[in-house]
Amino acid sequence: MENKREMTCIICPRGCTLTVELEDKKVLGVKGNACKRGTDYAVAECTAPTRTLTTTVMTESGEVVAVKSNKAVPKELLFDCMKEINACVAPATVKQGDVVISNLLGTGADIVVTSYVE
Amino acid sequence: MFDVCIVGAGVVGALCARALSAYQLNVCVLDRANDVCTGASRANSAIVHAGFDAKPGTLKARFNVRGSEMMEQVCKDLGVKYVRNGSLVLGYTDEDKATLSDLYERGVKNGVRDLALLDREGVVALEPHVTEEVTCALYAPTGAIVSPFGLCDAGLGHAMDNGVEFIRNFEVDRIECEDDAYVLYAGEQTVRAKYVVNCAGLYSDKIAAMVGDDSFTVHPRRGEYMVLDKAFTPSLTNFTLFSTPTPKGKGILVTATTGGNVMLGPTAEELTDKEDLDTTAAGTASIRAQSARYVQNIPFNAVITSFTGLRAVGSTGDFIIHASAPGFITFGGIESPGLTSAPALAEYCVELLATEGLALEKKNDWSPVRTKGAIKFNKMTDEQKNEIIKDNPAYGNMVCRCEGVSEGEIVAAIRTNPGARDVDGVKRRTRSGMGRCQGGFCSSIIVEILSREMGIPYEQVTKSGGASIINYGRTKGGEHND
Amino acid sequence: MTKVSLVIVGGGPAGMSAAVAAYKAGVTDLLILEREAHLGGILRQCIHNGFGLHKFGEELTGPEYAARYAEQVKELGIPYKVGTMVTGITEDKVITAVNPTDGIMHIQAEAIILAMGCRERPKGALNIAGARPSGIYTAGTAQKYVNIKGYMPGKEVVILGSGDIGLIMARRMTLEGAKVKAVCELMPYSGGLARNIEQCLNDFGIPLMLSHTVVQIHGKDRVTGVTIAKVDERRNPIKETEQYIACDTLLLSCGLLPENELTKGAGITMDRITGGAVTDQSRQTSIPGVFACGNVLHVHDLVDYVSEEAEIAGCAAADYLANKQSERVDITVQPVGGVRYTVPQKITSAQDTTVYFRVADVFRDKRVVVKCGDRVISNKKKIKLAPGEMETVKLTAQVLAELAEGTITIGLEE
């Protein structure tokens, strides 16, 4: 079945409106993107959507530090990922760039500290 | 067993406690809330009425005039902000002019000093921002503004410095009379006292009825207010502006406040629900329409907050002051000019208790001047401030950027009698969170300071006691993650 | 009194980039004053990604973006004081500041860069009817509770206003286990970025209710619900469309206001529309030697642009201190037809200048026309323009030098 899907590209703040031509789940063409990344996004979004996850992790000192997934994880796993991250307690001494969980749920993404203390 | 139990920590209760603290008595003050000044005393026009308005011969007139005379000294002794800014009753028509003459006569009869009737020229000379419509005014130079929070806080604080006990979160639900005492219940909790002073504001009728006095009722009258960013005060007014009362009502006022903001209100709406503190769209519209007749170019986009106060209106039209039962004094229906009258009511309270048989013996060491209040940091010179900061660096840590309030002042507000116990309590004492950002930046820091000072978990800190929690617990490791 | 050549008020993204740029341009006697305990400003709590694509060519989170500049500040040895609140600035460039260790300081600056950022429009300004219970927060306050303190300010949430922080917090609180029931937007369009509507609302099935507002807040101690209603073309609520939503939290994301109390205190000329100072192309205000950049000047969509603007101000402050002069012109930039404001508002030197502007409404298929009198300087077609997205036009040094004095208008035409 051939159809069209409209979506907003979330790769950058420009937020291009993309028109994707689809046959079943196969992408035939993408229009409206200002750069190549738009096409990649549209294809991923129609086949296996992913998101970068940003949240916080508790440390042993009882404070939270900000973290991110160093690559995008499958969108449908976001809440499972959160569960995993919420169960993690990082050492109190973590600093920006430290990995607190590697290969989160087998996604290949590491959870990395983003908080910065001078 | 207390000698005297005061029910209600509003301005009347607080100042009664202070007056009684001068005597060798065991006194307590109960309030259903988590703090002083949470009822009618919290949300009103914050003005000291000159006394031209009250009908001669009424209790309102008597205590208004006496209270107005006492207020400046009381505020000085307690370190409370008081500014004699003067009030103007604006007139627009010939009819208004006649009414203003009557008010003038009434004021003279009540003993109000220095009243003057002004023509338009005279008004404009005093307040150039009045609208083109204004044709005349009654000027009362003795009219003043006061901080009601400050008066309650410092009044009860001074009483506590002198041995009075303050019991929070005690909502009296029944009273039993025993041979030698009244027993006041709040659920399972009890307080026993030989004498009771009922200053329960909107609920003074309910408290009186608990000892069989159903001679009066009190109903709430809603008054809504709007507060403007103080950056605009210079272009508005430093006076208290009334409009001439008409058969339709007294109208709102446009007034300076001791905090430096201009405030508009109150509306007047009779209610039955004593807990209805809602602001309304109609109220807002009414304030906007009315205030536009007072001063030019009111910047309604510079409203930083709006709120509702409920006046405790008694069924007799006057203050209701009597013994509801032997040794049980009731102050009912203390609506406007209640704030102004409060110091005089406190003075009278002592007399009434003596009449009821209370033995009064002065303390030798009691001084009307409060020495244990929080330091007035923002009134100090830079040199004085630096001395304090050297001693206590928390005074150099600015927490509230809009009103310039330091951590030192917030800690002092928690530690100084009667001590803030929630975010609103800190706000009322220090003005932190009362400025143009309304606590957006500082509230989380204030929660932290309260948690530390009170030794309670962060999530147990409330906005205004009870169930008014601010946070539901940690994001991580909390039950909501399951 | 301490003397410092250049004082930068604010150690957020604008202040740090301005300081770094000024230092690199030769100013070594400088000082950053930051009121928080750390450098970084609001970015420290903006833990989501999407920063730096423009500036660094990679996607960073807020703290990572801030760290890039904080590292430079440290590496260059630029002096800074944290926990230091500036309480006043005079026309003569005397700064009063206070902190716990130095007490109250008076600093005579030769030049000042204002980089205090912005704050959120509070509830009071919105005049919502109803009670005043706990549970009403600006989105940024909630963000601080969740991301910095690690506490949950709410479980069932309604958000008023579809500004970016509100959208970001809708996702953030959802991920942390809250239920975001609706985002109400008074206007018929969102002020937030399209990508945020997509990934913060649509991803989680959170409804965006355009032309809706909160008309009543319910609850005594804590919020128990809100009444929302659709609004008509004049933004008045329609009574028949009122509906009650049970919730314990109302987040407000109703716009940002440049924080210019210090600027006004110094007597600097302000722009009524931007809420910031009136500046020239170098971001110099009406007081020579006082510059402003970042969200204190006008609210930006992207921190990347804040950095860019701060570099302009930093370099200009260096030029000012070095007494460098360039060819003077006297040009006023005036927004017309559909354009709400421009920054800068005037041009005093003939150099390549980017003028930033925002439009007043959502427009489709319009031309952005730059004119001087009847002469068209540029004319560019845009498919879509929205108030939430800042636009730019470039003016070349040559055009400005030729013009020398007069008014340039920027407007939308068919």
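User: How many residues of chain A are in contact with residues of chain B?

Analyst: First, a caution: this is a predicted model. Now the contact. Four residues of chain A are in contact with four residues of chain B.

User: Which classes do the residues on the chain A side fall into?

Analyst: Sort them by side chain. The side of chain A that touches chain B has two nonpolar and two polar residues, and no charged ones.

User: How many residues do chains B and C bring to their contact?

Analyst: Count each side separately. Chain B gives 48 residues and chain C gives 41 residues.

User: Which elements of chain B give two or more residues to that side?

Analyst: Look for helices and strands along the boundary. Here they are helix 7 (281-291), strand 18 (303-314), helix 9 (382-391) and helix 12 (443-454) of chain B. By class, the side of chain B that touches chain C holds 16 nonpolar, 22 polar and ten charged residues.

User: How is the size of an interface often given?

Analyst: Often as the accessible area lost when the parts come together. Residue counts are what we have used here.

User: Into which domains is chain C divided?

Analyst: Check the residue ranges, because a domain may be listed in pieces. Domain 1 is 1-120 + 255-324, domain 2 is 122-254 and domain 3 is 326-414.

User: How many residues of domain 1 of chain C are in contact with domain 3 of chain C?

Analyst: Domain 1 of chain C gives 14 residues, in contact with 15 residues of domain 3. The domain 1 side of that contact divides into four nonpolar, six polar and four charged residues. The centres of these two domains, taken over C-alpha atoms, are 25 Å apart.

User: What is the domain assignment of chain A?

Analyst: It gives domain 1 (2-47) and domain 2 (54-113). Between the centres of these domains of chain A, taken over C-alpha atoms, there are 29 Å.

User: Over how many bridges do strand 13 and strand 14 of chain C pair?

Analyst: Strand 13 (residues 179-185) of chain C pairs with strand 14 of chain C in the parallel sense over three bridges. One residue pair to find is C:Cys184 with its bridge partner C:Met209 in strand 14 of chain C.

User: Which residues have the most contacts inside the largest nonpolar core?

Analyst: They are B:Val4, B:Cys5, B:Cys16 and C:Leu250, in a core of 171 residues. Leaving aside neighbours within four places in sequence, the contacts of B:Cys5 include B:Cys28, B:Leu30 and B:Leu184. A second, separate core has 132 residues, including A:Ala66, A:Ala109, B:Phe441 and C:Ala317.

Methods. Residues are numbered from 1 along each chain as its sequence is written. Chains are lettered from A and ligands numbered from 1 in the order in which they are written. This is a predicted model: local features need pLDDT of at least 70, side-chain atom pairs count only at pLDDT 80 or more; totals for chains, interfaces and linings use all residues. Two residues are in contact if their C-beta atoms, placed from the backbone, lie within 7 Å. Ala, Val, Leu, Ile, Met, Phe, Trp, Tyr, Cys and Pro count as nonpolar, Asp, Glu, Lys and Arg as charged, and the others, Gly among them, as polar. A nonpolar core is a set of buried Ala, Val, Leu, Ile, Met, Phe, Trp, Tyr and Cys residues joined through C-beta atoms within 7 Å. A residue is buried if 20 or more other C-beta atoms lie within 10 Å of its own, exposed if 12 or fewer, and partly exposed in between; C-beta atoms are placed from the backbone. Helices (H or I, at least four residues) and strands (E, at least two) are DSSP runs, numbered from the N terminus. Two strands pair if DSSP finds at least two bridges between them.
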